[in-house]
Amino acid sequence: MKELVVLSGKGGTGKTSIVGSFAAIAKSKVLADCDVDAADLHLLLNPTTTEEQEFWSGQVALIDEDKCTQCGLCEDICRFEAIHDFKVDPTSCEGCGFCYNVCPDEAIEMRDCLSGHWFISQTRYGPLVHAKLGIAEENSGKLVALVRQNAKLICEKEGLEHIITDGPPGIGCPVISSLSGANLALLVTEPTLSGIHDLERVLGVCHHFGVPALVCVNKYDINEENTRHIEKFCNSQGVELASKIPLDNIVTEALIRNLPVVEYSHNGVSREIERLWENIYRKLKG
Amino acid sequence: MIISIASGKGGTGKTLVATSLALSLKDNGKVQLIDCDVEEPNDHIFLKPTFTKKERVSIPIPKVDEEKCTHCGKCAEVCAYNAIAAMKKKVLVFPELCHGCGACSYLCPEDAISEIDKEVGVVEIGYSGSIQFAHGKLNVGEVMAPPVIRKVKELINPECTVIIDVSPGTSCPVVESIRGSDFCLLVTEPTPFGLNDLILAVEVLRKLDIPSGVVLNRVGVGDKKVEEYCLRENIPILLTIPLDTQIASYYSRGIPLVEGIPKWREHFLELFEKVNEKVNS
């Protein structure tokens with residue numbers, strides 16, 4: 001069992017389109033969508049959900065007005081500025097329970113939060129584990145960990161070869177939770193100064209957690225000078241630039257039809273993604 | 001007035017809108033641009049600010065004085081994040097799990113816990129021409145973005161029109177960034193991904209009770225479903241930007257749209273007027 005995680009730093013570089021195509025090409029795999037606060041992979045894979053679970057995580061404080069003597073201690077000690085006028089703002093509360101522990105009137109209760117849901121689904125390409133974090137909820141890192149755990153269980157149980165994980169943008173909590181312990185990271189970037197800046201940071205996170213990385217430049221022909229710059233950067237970091245995918249509106253056309261691009265067309269984009277998967281397959285076998 | 005620029009889906013053009021809006025407004029009054037996408041801040045690439053000040057962002061984490069500690073276990077009992085474990089003879093602290101709430105040190109009956117600063121990021125402050133600029137940067141390998149966002153938002157200057165660039169998504173960093181805004185512009189694109197994530201972002205704004213409007217970017221390929229959704233939900237589309245290789249080319253080189261193609265300044269000023277009307281009505 002080997003796990004590939006697709007990351008980018010910058011959002012909108014094409015992670016999900018590429019993972020959707022890998023889903024269509026790879027033979028023996030489970031798919032995991034770890035972008036739990038804005039999941040999109042299901043739009044390409046048209047899943048049928050077979051199992052739905054609640055994700056209970058963390059707590060929020062609640063003040064009992066009848067017991068509260070309005071002493072104000074809770075407001076003074078809260079470092080997240082979540083308490084104003086003896087009321088808790090649940091979107092600011094980080095559930096630390098400090099107020100609950102110090103309230104002299106025992107007027108504060110800690111309530112468990114239903115922070116989202118996670119799903120096991122079947123698709124025409126194999127099983128998919130995905131999730132939906134509740135709106136404005138915390139603990140996305142824990143939900144990501146849960147998605148990966150379940151993908152692993154399915155992979156083991158069904159004797160599959162790979163876990164292919166669609167990761168979230170950024171470099172923070174859910175990214176680190178998607179990355180740690182994976183066998184290989186594919187970093188999808190674009191030849192823009194923003195893309196390059198963000199690639200450098202997400203590669204830093206890969207180094208930090210000791211996960212080997214490959215780079216793919218999507219829409220490489222938007223700015224070939226920047227693409228050469230990325231090539232040089234990759235060389236200097238000892239990281240392989242594994243693929244350059246051309247800009248083609250066919251990717252959007254496929255998306256509109258809810259299809260992975262490799263199933264919609266067999267042009268240059270599709271061939272390049274197929275080559276990229278072959279390369280990754282060899283690396284994972286390594 | 002505080003206007004935040006958010007999106008749900010990444011890569012839809014938040015940075016393009018935030019920087020072009022700031023540049024368009026700079027001759028009409030005081031403008032401040034605050035980049036709250038602390039995981040991947042990009043606005044500085046376009047505005048090339050001169051930084052005059054850099055501040056570390058830290059969270060307070062516990063430090064246990066083993067001389068005073070009686071290993072009673074109270075600290076571990078009150079920690080909601082399992083960031084402190086009390087063994088029989090030693091107390092272990094896991095800094096990466098600590099949110100810095102301070103409960104353990106306050107509640108330790110032996111007064112054995114003090115707090116030390118752990119750096120999680122930096123805030124850089126400066127200016128780009130007449131635009132006041134600040135951004136936060138989460139340190140690589142760090143997990144917790146909200147403390148960095150809170151710190152950079154402390155710099156909000158109420159005398160200015162403030163533009164806040166937000167990270168993609170719908171979870172805690174997004175909420176932290178948008179909270180307190182008078183209006184939120186949601187930047188999206190006319191694709192199934194753009195629509196799906198726009199719907200999620202709209203839910204966030206409804207929960208926070210902040211009015212919003214849409215900027216629809218890369219109009220050309222794609223479908224009409226975002227427009228249909230906005231019409232159905234009564235969300236105004238305040239600006240559309242076409243799919244255009246010239247715009248993409250300027251963006252790729254870090255050139256703000258209104259500098260590359262100056263006629264866009266008019267469109268961004270109109271956008272601001274529409275927002276202004278909505279906020280004041």
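## Two strands side by side

How many bridges join strand S1 of chain A to strand S9 of chain A, and do the two run parallel or antiparallel? Four bridges do the joining, and the strands run parallel. S1 covers residues 2-7, while S9 covers residues 184-189. Along this pairing, A:Leu4 stands opposite A:Leu184 in S9(A). Keep in mind that you're looking at a predicted model.

## The sheet and its helices

S1 and S9 belong to an open sheet of nine strands, ordered S3-S6-S7-S2-S8-S1-S9-S10-S11 in chain A, and its pairing is mixed. Ignoring direction, neighbouring strands are turned by 20° against each other on average.

Helices pack on this sheet too. H5(A) touches S2, S3, S6, S7 and S8 of chain A, and its direction makes about 165° with that of S7(A). H11 of chain A (residues 268-285) touches S1, S8, S9, S10 and S11 of chain A, at about 160° to the direction of S11(A).

## Chain A as a whole

Step back, and chain A has eleven helices and eleven strands. Its C-alpha trace spans about 70 × 40 × 35 Å along the principal axes. Of its 286 residues, 54% are buried.

## Where the chains meet

Methods. Residues numbered from 1 in each chain as written. Chains lettered and ligands numbered in written order. Predicted model: local features only at pLDDT ≥ 70, side-chain atom pairs only at ≥ 80, totals over all residues. Buried ≥ 20, exposed ≤ 12 C-beta atoms within 10 Å, placed from the backbone. Pairing = 2+ DSSP bridges. Axes fitted to C-alpha atoms, helices over the stretch in contact; angles between N-to-C directions. Contact = placed C-beta atoms within 7 Å.
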